[in-house]
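Please keep the sequence and the model in view while reading.

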Amino acid sequence: MVGRGDHLRTLHAELARATAGHPTAVLVAGELGVGKTRLVREFLTNVDAEVFAGACVPVVGEPLPYAALTQALRGGSALVRQEVERSPVLARLLPGGDADLDGTEASEAAASGAASRLRLFQAVLTLLGRLSAVRPVVHVVEDVQWADRSTLDLLAYLATNFTDERVLVVFTLRTDAADDVRVARWLAELGRLWPVTRLPVGRLDHDEVADLVTQLRDGQPAERLDALVARSAGNPLFVEQLALVDYDAPLPDTLQELLRARVAELPEETRRALGGAAVLGRPTTLPILAWTLEVSEEELDEALRPALAAHVVELRPDLRLDFHHPAFREVVDGGLMPRERVRLHLGAAGALSEIQDRAPAVVGEMARHWHRAGDLPRALTASMRAGGTYVRLQAFADAHAAYARVLELVEEVPHDLDLVQVRLQAADAANLAGESERALALLEEVRTEAADPTTRAEAAARVGAIHFRTGDGAAAEAAFRDALTLLPTGEDSVLAARVHGEMALQAVGWSRFDEAELLSAEALRLATEVGARREEGVALNAQGTTAAFRGDLDSAVELLRAALEIAREVQDPQDLGSAYVNLSHVLGMAGRMEENVELGRIGIVELTRVGQERQQGSLLLNNVS
Ligand SMILES: Nc1ncnc2c1ncn2[C@@H]1O[C@H](COP(=O)(O)OP(=O)(O)O)[C@@H](O)[C@H]1O
Ligand SMILES: [Mg+2]
């Protein structure tokens with residue numbers, strides 16, 4: 001590698017800080033081909049640390065959920081594999097995991113979605129903590145400009161929850177493509193949670209380019225060398241590819257033009273194989289590529305040989321085929337003719353369906369390939385399954401996207417799906433992904449369209465819960481009341497328990513204590529009757545808070561402690577937050593200051609861990625100080 005001495009020193013200094021127990025993050029930023037990946041690779045060959053590395057990948061134009069984490073787990077050391085075996089939550093992300101259960105189980109997972117996603121995030125935190133107890137860890141996440149929402153959330157979670165783990169996180173970001181507002185907003189956010197050191201990687205200077213050219217191909221004539229320096233403007237990828245061009249061939253003006261010319265030189269069968277690799281999108285195994293192209297593995301080997309020799313693609317140590325640089329993939333993809341593209345998408349969908357028993361998470365990719373190939377009925381079936389799979393993987397934004405695709409496709413394809421159920425599942429996923437507006441819109445459709453009153457009640461209850469949590473009390477109350485009128489009278493249900501409990505909490509908030517008492521007593525009766533633990537906790541919370549305002553502080557504390565206990569058991573972030581905040585408020589009213597300080601100390605740790613440090617956590621600290 002030429003140059004970059006300062007960059008390497010910065011990375012080593014950050015690692016030293018991390019090794020001293022100060023978790024650190026570095027953002028390696030620069031344009032396409034400037035040498036971000038190379039810099040990180042060089043750094044990793046010279047560190048005495050556990051390397052946990054993966055890259056974000058766009059597949060068919062969309063990011064692949066948790067791609068970086070999955071890759072890091074798959075490529076991890078023996079120690080990583082051992083930890084994964086101990087953790088079912090992590091194992092689920094890998095081929096052979098049980099991410100692909102059918103719809104009923106998927107919706108069960110969604111019911112406690114926030115809690116289960118938390119378990120995944122905690123498992124990653126625990127894994128990094130365990131690894132770093134043995135030796136310092138470098139966690140690399142390449143190409144965050146392609147990160148999916150779930151990956152961004154996971155990294156933000158780690159940033160908030162690291163304490164003294166010996167972990168250095170290295171991100172790479174392609175700045176020429178970073179007009180993505182989503183990533184820009186997330187970077188700003190991450191910067192607030194964590195002091196991220198920005199490490200810009202710029203172009204090489206004249207001497208460095210000359211060094212690089214000599215290294216790559218000694219004996220370039222002097223005037224040619226100057227032309228290379230001028231044309232490449234110091235971008236190493238450009239330099240490297242230019243140095244491979246014949247001495248007497250004209251030099252292309254742009255990097256894209258150059259890469260296109262390099263691909264165009266290859267035989268037709270080779271270009272066809274590259275087309276398959278580009279459409280598959282991520283590093284792929286040879287059997288999958290052969291299936292996609294409908295050729296034998298021997299024929300594929302033949303076809304790939306010239307591309308390997310020309311360094312357009314390479315075989316990675318895990319035997320997956322990857323482009324030498326993502327820019328090649330873009331160039332090949334951009335050059336595909338429409339009919340060829342359709343054929344390759346069909347081939348890719350077929351190839352992935354061959355491995356879906358082993359790697360269920362590919363169903364989302366299959367759905368996109370069928371869709372691009374215009375096979376809408378299969379796209380529909382696969383999208384439906386992808387929704388359930390992504391929920392199981394706690395990739396809620398992706399689950400929502402899959403269900404949204406289902407709802408579009410049903411307009412064009414005959415089907416026998418229960419659209420009300422699909423909308424409920426889509427709404428859940430949207431809500432868990434933090435898109436409450438979208439969730440409300442879907443639930444309102446269910447509320448007006450569903451024939452069965454219990455389903456309409458369910459939708460109304462969820463609308464109420466969202467309004468309650470976002471602070472729109474009047475809308476929440478209206479929706480809760482609607483839910484109660486829709487529920488069959490005299491029939492005990494979890495839903496009835498939940499609605500009564502949440503209405504009780506709301507009534508306390510509005511100082512309507514008589515009403516709160518009635519509602520919470522009914523909520524508790526219903527929850528006990530049907531054995532609904534979470535709803536029991538909510539009811540106790542409302543009862544405790546009401547008791548406090550009635551002046552019975554001792555019972556209030558007791559009830560709220562019980563509510564907190566249940567919230568811990570079910571690990572619902574909202575319930576935990578509410579129980580902590582209300583209990584600390586009541587301890588304050590009772591003047592039990594020492595107890596309250598102790599509660600605050602434990603509570604802030606626990607609320608931070610469940611991602612509630614800002615809303616509920618600050619209320620809690622306010623109550624105990
Ligand atoms: N400092 C360097 N010295 C030698 N080769 C380099 C250097 N930086 C980058 N390269 C080469 O240039 C190409 C593009 O670099 P890469 O790290 O993949 O770019 P990026 O990740 O920024 O898009 C790679 O083949 C890489 O080996
Ligand atoms: Mg790179």
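## Two residues with positive phi

Histidine 311 is found in the loop that joins helix H16 (297-309) to strand S9 (313-315); helices (H or I, at least four residues) and strands (E, at least two) are DSSP runs, numbered from the N terminus. Its phi is positive, at about 60°, although histidine 311 is not a glycine. With a relative accessible area of 45%, histidine 311 is partly exposed. Here buried means under 20% relative accessible area, exposed means over 50%, and partly exposed lies in between (1.4 Å probe, protein chains only).

Arginine 4 likewise has a positive phi, near 65°, in a residue other than glycine. Arginine 4 belongs to the segment before helix H1 (5-19), and at 10% relative accessibility it counts as buried.

## Basis of the description

The model is predicted: local features need pLDDT of at least 70 and side-chain atom pairs count only at pLDDT 80 or more, whereas totals for chains, interfaces and linings use all residues. Residues are numbered from 1 along each chain as its sequence is written, chains are lettered from A and ligands numbered from 1 in the order in which they are written, and side-chain values use heavy atoms, with hydrogens and water left out.

## The nonpolar cores

A nonpolar core is a set of buried Ala, Val, Leu, Ile, Met, Phe, Trp, Tyr and Cys residues joined through side-chain atoms within 4.5 Å. The largest such core has 160 residues, and Phe52, Leu73, Leu158, Phe171, Trp186 and Leu274 have the most contacts inside it. Helix H7 (residues 113-134) supplies the largest share of this core, nine residues. A second, separate core has 24 residues, among them Ala476, Val499, Ala507 and Ala527.

Which residues does phenylalanine 171 contact, leaving aside its neighbours within four places in sequence? They are Ala25, Val26, Leu27, Val28, Val141, Val144, Leu155, Trp186 and Leu190, where contact means heavy atoms within 4.5 Å.

Helix H21 (residues 396-409) contains 14 residues and reaches 20 Å from its first C-alpha to its last, close to the 20 Å expected at 1.5 Å a residue; the expected span is 1.5 Å times one less than the number of residues. Because 11 of its 14 residues are buried, H21 is largely enclosed by the rest of the structure. The buried residues include Phe396, Asp398, His400 and Tyr403.

Asp398 is also one of the residues touched by aspartate 148, along with Pro63, Leu64, Pro65, Tyr66 and Arg182, not counting residues up to four places away in sequence. Aspartate 148 sits in the loop between strand S5 (137-142) and helix H8 (149-161), and at 1% relative accessibility it counts as buried.

## The surroundings of ligand 1

Of the 17 residues around ligand 1, Lys36, Thr37, Arg38, Glu240 and His325 come nearest; a residue is near a molecule if one of its heavy atoms lies within 4 Å of it. A backbone N or O atom of glycine 35 lies 2.9 Å from an oxygen atom of ligand 1, and for lysine 36 the corresponding distance is 2.8 Å. A polar side-chain atom of threonine 37 lies 2.7 Å from an oxygen atom of the ligand.

Helix H2 (36-45) and helix H12 (236-243) are the elements that give two or more residues to the shell around ligand 1.

Notes. Polar contact = N/O pair within 3.5 Å; in protein donor to acceptor, adjacent residues only side chain to side chain.
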